[in-house]
Amino acid sequence: MTREILERYKIKAKKKLGQNFLVSKKKINEISEVIEVENKNIIEVWPGYWALTEKLLEKKPKSLHLVELDPDMIAILEDRIENWDLILWETDFKINKKDILKYTPDFDKYDVIANIPYYITSPILRHFLYDLENKPDNMVILMQSDVWDKILKTNKNKSSVLSLSVDKKASVTWQIFVSKENFVPAPKVESSVLLFESHDLYKDIDDKKFLKIIKIWFTAARKKLTKNLEKWGFDKKQVLDILESMWYDDNSRAEDLNIKDWCELVSKL
């Protein structure tokens, strides 16, 4: 049914929106099973032509709210509903026609499922993990390898602003590999599905202070941490004393510290 819908509506991906349509029924099924959907409040970001939406509806969530900005995709979604091309069951169903970065969920407890283009991955993660008062319990996100490599620190990647900002708010696990051949058009790189499970381990560390400090110190991630600190007005001896108490030294770089150590350092400055 996936490719059939693309042909029926003569759907073409828009480069400016970073669209790559997932057409593998096997992968769509796997993504729909990463978290429990039945009787849950689910937000699907950029549903496209409804391939995954249809599968989620079959699992009978309590609510399924979509966030889609592309008017052409919205027209297709509405046409499929009007023509009974899919069944809404008794699900509270809603299409939010707006920019995801300006969207506020209608629920206190909810999960997010999304296929996110490379160029907007970080802003969307920031939106759900930091900008909103009520962050999601879980997020199931399909993203390109360039991003999930950094988040999971694979291929010898060390800590980064992205990985640390995510680690402060959620634990992340790799779930599903999705090769580029599963998309139309095929992207240049491979993709994977990650599961983000929210936590409050570092809720006592002020978010704004944390983000400000790590961004400052990662402006020259390869330089000694104490060198970066001096440049921005921090006391070198104070920072060095804190680092030594955590078994680091004057040669330590910003990328060497993990999330626990960064939070400890920020809390003492």
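Over the face of which residue does K169 lie? In this model, K169 sits over the face of Y130, at 5.1 Å from the ring centre; a charge counts as over a ring if NZ of Lys or CZ of Arg is within 6 Å of the ring centre and within 35 degrees of the ring normal. The model is predicted, so local features need pLDDT of at least 70 and side-chain atom pairs count only at pLDDT 80 or more, whereas totals for chains, interfaces and linings use all residues. Residues are numbered from 1 along each chain as its sequence is written, and side-chain values use heavy atoms, with hydrogens and water left out.

K169 also takes part in a salt bridge, its side chain meeting that of D207 at 2.8 Å, N to O. A salt bridge here is a side-chain nitrogen of Lys or Arg within 4 Å of a carboxyl oxygen of Asp or Glu. Because D207 lies in helix α8 and K169 in the loop between α7 (161-167) and β7 (170-178), the pair ties together parts that are 38 residues apart in sequence. Helices (H or I, at least four residues) and strands (E, at least two) are DSSP runs, numbered from the N terminus. K169 is buried, at 12% relative accessible area, while D207 is partly exposed, at 22%. Buried means under 20% relative accessible area, exposed over 50%, and partly exposed in between (1.4 Å probe, protein chains only).

The buried residues of α8 are F210, L211, I213, I214, I216 and W217.

The largest nonpolar core has 53 residues, and F210 and W262 are among those with the most contacts inside it. Such a core is a set of buried Ala, Val, Leu, Ile, Met, Phe, Trp, Tyr and Cys residues joined through side-chain atoms within 4.5 Å. Helix α8 (residues 207-217) gives the most to this core, with six residues. A second, separate core of 32 residues includes V34, W50, M73 and I76.

W50 also belongs to one of three aromatic pairs. W50 and F93 are tilted, at 5.4 Å centre to centre with 55° between the planes. For such pairs, rings of Phe, Tyr and Trp (its six-membered ring) have centres within 6.5 Å; planes under 30 degrees apart count as stacked, over 60 as edge-to-face and the rest as tilted. Both W50 and F93 are buried. F218 and W262 form another tilted pair, at 6.1 Å and 35°, which links the loop between α8 and α9 (225-231) with helix α11 (residues 259-267). W217, F218 and W262 form one aromatic cluster.

Elsewhere, the whole structure holds 15 salt bridges. One of them joins K109 and D137 at 3.0 Å, N to O; K109 counts as exposed, at 55% relative accessibility, and D137 is partly exposed, at 29%. Another joins K237 and D241, also with 3.0 Å from N to O. Being four residues apart in helix α10 (residues 236-245), K237 and D241 are separated by about one helical turn.
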